Amino acid sequence: MSPITERTRQFCARFNLRVPILLAPMAGACPPSLSVAVANAGGLGACGALLMKPEEIAAWGNEVRTGTNGAFQLNLWIPDPPPRRDPAHEARVRAFLGQWGPPVAPEAADATPPDFAAQCEALLAVGPPIVSSIMGLYPPDFVAKLKARGIAWFANISTAAEARAAEAAGADVIVAQGMEAGGHRGCFDEAEAERELVGLFALLPAVVDAVKLPVVATGGIADGRGVAAALMLGASAAQIGTGFLRCPEAKLHPAHAAALATTAPEDTMLSRGFSGRAGRTIATAYARAASAPDAPRPAPYPVQRALTAAMRSAALKEGDVRRMQAWAGQSAALARDEPAAELVARIWRDAQGLMG
Ligand SMILES: Cc1cc2nc3c(=O)[nH]c(=O)nc-3n(C[C@H](O)[C@H](O)[C@H](O)COP(=O)(O)O)c2cc1C
């Protein structure tokens with residue numbers, strides 16, 4: 001058996017998968033239907049629970065378990081300390097956003113994400129086989145609780161140094177996120193997100209050499225070629241986000257889904273304009289304008305997210321992709337409008353064909 005086949009076989013056996021393809025956790029874009037389809041096809045389902053209240057996390061877990069006996073993971077962001085507020089600057093951001101959506105009231109900035117500790121308890125109550133992290137590392141007491149329950153911890157990282165830190169903190173699997181990835185970059189130090197732009201081809205071998213743990217590759221993988229390349233570079237499995245977003249089970253806004261089909265790699269960009277943290281989006285009119293030199297710099301996370309809520313929901317209502325939070329990885333155009341189970345089967349078949 002080739003070393004690649006042996007590595008992926010071991011990974012699949014350990015995590016009850018038939019195929020080494022993982023749905024990426026995607027906050028706001030991971031309805032149970034998508035995880036059920038992926039898990040039933042032998043891959044790993046996933047929930048980005050960042051914006052979900054404990055009862056919503058519980059309901060997600062119940063619905064997925066009703067639809068599949070397959071494996072799934074729940075994911076949280078590790079929170080930063082509360083941001084420094086600057087009312088005068090927020091007023092400039094609000095005025096700017098008023099040109100793109102409804103007027104934004106000063107108190108809109110005060111909305112905060114759900115309580116992290118309560119979300120952690122909700123994760124434990126669901127008891128998935130895997131819990132994952134992004135933007136940092138879980139605190140030791142939570143890691144101990146995961147281990148006591150036999151829940152594996154997948155830690156998303158975007159540098160070799162972060163991979164080493166995750167291994168030292170007790171992670172079971174490293175998820176190496178290349179800068180091609182759609183959505184937020186997982187840099188532990190949010191200020192470094194635009195400087196530490198490591199592509200997956202450089203990141204994977206560096207991380208595989210830096211740690212002993214199995215490594216999952218993510219960022220810009222959306223077909224059999226990408227999966228085969230990731231496995232060749234030392235990954236044990238491939239995680240796909242944007243590539244699943246055009247599947248009917250993803251229930252993405254049709255305007256966003258249609259725009260992905262025509263998004264070339266160079267048509268995406270990193271922007272802090274939606275949330276205050278850097279994320280890869282289609283280079284829409286709003287994303288470009290928010291990054292222009294004459295625009296006010298975005299407020300810190302989560303203030304910017306709260307300030308843009310009205311614009312984002314108006315854009316969804318009106319189907320206006322120009323100001324939608326249209327996250328997209330650099331391989332967006334490879335995403336196909338096909339059932340998720342067929343996508344998993346096609347990509348794995350193609351990857352195996354290439355690896356011989
Ligand atoms: C719409 C969207 C939402 C995302 N939300 C999360 C999240 O909540 N947690 C997380 O760890 N990663 C999140 N990500 C990043 C993905 O987990 C993954 O790193 C990325 O999708 C991989 O790149 P790809 O989109 O090119 O496949 C998100 C990505 C997208 C596209």
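A residue counts as buried here when its relative accessible area is under 20%. With that in hand, welcome to a short tour of this predicted model.

**View 1. Strand 6, covered on both faces.** Take a look at strand 6, residues 173–177. On one side sit Val173, Val175 and Gln177, on the other Ile174 and Ala176, and each of these residues is buried. Because 5 of the 5 residues are buried, strand 6 is largely enclosed by the rest of the structure. Its neighbour, strand 5 (residues 152–157), runs parallel to strand 6 and is joined to it by 4 bridges.

View 2. Stepping back, we meet an open sheet of 8 strands with parallel pairing, in the order 1-9-8-6-5-4-3-2. Strand 1 (21–23) and strand 2 (45–48) are the edge strands, each pairing on one side only. From one strand to the next, the twist averages 25 degrees.

**View 3. Helix 5 across two strands.** Here helix 5 (residues 116–126) lies across strand 3 (72–77) and strand 4 (130–134). Relative to strand 3, helix 5 runs at about 170 degrees.

**View 4. Helix 9 against helix 14.** Helix 9 (residues 224–232) packs with helix 14 (residues 340–355) at an angle of about 55 degrees, and their axes are 7 Å apart. The two helices are therefore oblique to each other, and their crossing is right-handed. On the helix 9 side, the contact involves Gly224, Arg225, Val227, Ala228, Leu231 and Met232. These meet Ile347, Trp348, Asp350, Ala351, Leu354 and Met355 of helix 14. By class, the contact has 9 nonpolar, 1 polar and 2 charged residues.

View 5. Tyrosine 301 and proline 302 are joined by a cis peptide bond, with omega about 0 degrees. Proline 302 belongs to the loop between helix 11 (285–291) and helix 12 (303–307). Methionine 135, which is not a glycine, has a positive phi near 75 degrees. It lies in the loop between strand 4 and helix 6 (140–148), and methionine 135 is buried at a relative accessible area of 2%. Lysine 251 also has a positive phi, about 55 degrees, without being a glycine. Lysine 251 is found in the loop between strand 9 and helix 10 (254–261) and, at 61% relative accessibility, counts as exposed.

Terms used
Residues are numbered from 1 along each chain as its sequence is written. This is a predicted model: local features need pLDDT of at least 70, side-chain atom pairs count only at pLDDT 80 or more; totals for chains, interfaces and linings use all residues. Side-chain values use heavy atoms; hydrogens and water are left out. Axes are lines fitted to C-alpha atoms, for helices over the stretch in contact, and angles run from 0 to 180 degrees between N-to-C directions. Angles under 35 degrees count as roughly parallel, over 145 as roughly antiparallel, 65 to 115 as roughly perpendicular and the rest as oblique. A crossing is left-handed if the near helix is turned anticlockwise from the far one by less than a right angle, and right-handed if clockwise. Contact means heavy atoms within 4.5 Å. Ala, Val, Leu, Ile, Met, Phe, Trp, Tyr, Cys and Pro count as nonpolar, Asp, Glu, Lys and Arg as charged, and the others, Gly among them, as polar. Buried means under 20% relative accessible area, exposed over 50%, partly exposed in between (1.4 Å probe, protein chains only). Two strands pair if DSSP finds at least two bridges between them.
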